[in-house]
Amino acid sequence: MKNFTISYQVDVIYEDQNENISRLIDINMQSKNLHSLQKILTEHSIEDDVERNDNAKSKVIDIISQHFLIVDHKGKQVWKDWNFKISQ
């Protein structure tokens, strides 16, 4: 098994749009290879790993996550979404 770090942009959408937040997070995962990892990522949910807005008063209505970078255990980039733009 190989270790990979996957970088995500996560947008947490609340009923009150003024409470919406956007976060960049890294998740560490293991897989046989990059191809197997990408299959896992299509079904993987990161909702439990997301830091939410502690001051929010309304409910979360959606969590949108997009992985945009994968690096191996040596820190070498093995995949990148070149069209990805960080949202604010």
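User: How many bridges join strand 3 to strand 4?

Analyst: The model is a predicted one. In it, strand 3 covers residues 60-72 and runs antiparallel to strand 4. Two strands count as paired if at least two bridges are found between them. The number of bridges that join strand 3 to strand 4 is three.

User: In what order do the four strands form the open sheet?

Analyst: The pairing in the sheet is antiparallel. From one strand to the next, the twist averages 30°. The order of the four strands is 2-1-3-4.

User: What angle does the direction of helix 1 make with that of strand 2?

Analyst: Helix 1, formed by residues 34-43, packs on the sheet. Its contacts there are with strand 1 (2-14), strand 2, strand 3 and strand 4. Relative to the direction of strand 2, that of helix 1 makes an angle of about 130°.

User: In what sequence do the elements run from the N terminus on?

Analyst: The chain has four strands and one helix. Read from the N terminus, the elements run β-β-α-β-β.

User: Is Gln 9 buried or exposed?

Analyst: Gln 9 has its place in strand 1. Among the residues it touches, beyond those up to four places away in sequence, are Leu 24, Ile 64, Phe 68, Phe 84 and Ile 86. The relative accessible area of Gln 9 is 4%. Buried means under 20%, so Gln 9 is classed as buried.

User: Which side chain makes a polar contact of 2.7 Å with the side chain of Gln 9?

Analyst: A polar contact of 3.3 Å joins the side chains of Gln 9 and Asp 11. The contact of 2.7 Å is made by the side chain of Gln 9 with that of Ser 22.

User: What share of the contacts with a separation of 6 or more comes from residues 24 or more positions apart?

Analyst: The chain has 88 residues, of which 33% are buried. Its C-alpha atoms fill a box of roughly 40 × 25 × 20 Å along the principal axes. Of the contacts in the chain with a separation of 6 or more, residues 24 or more positions apart account for 63%.

Methods
Residues are numbered from 1 along each chain as its sequence is written. This is a predicted model: local features need pLDDT of at least 70, side-chain atom pairs count only at pLDDT 80 or more; totals for chains, interfaces and linings use all residues. Side-chain values use heavy atoms; hydrogens and water are left out. Helices (H or I, at least four residues) and strands (E, at least two) are DSSP runs, numbered from the N terminus. Axes are lines fitted to C-alpha atoms, for helices over the stretch in contact, and angles run from 0 to 180 degrees between N-to-C directions. Contact means heavy atoms within 4.5 Å. Buried means under 20% relative accessible area, exposed over 50%, partly exposed in between (1.4 Å probe, protein chains only). A polar contact is a pair of N or O atoms within 3.5 Å; within protein, one must be able to donate a hydrogen and the other to accept it, and residues adjacent in sequence count only if both atoms are side-chain atoms.
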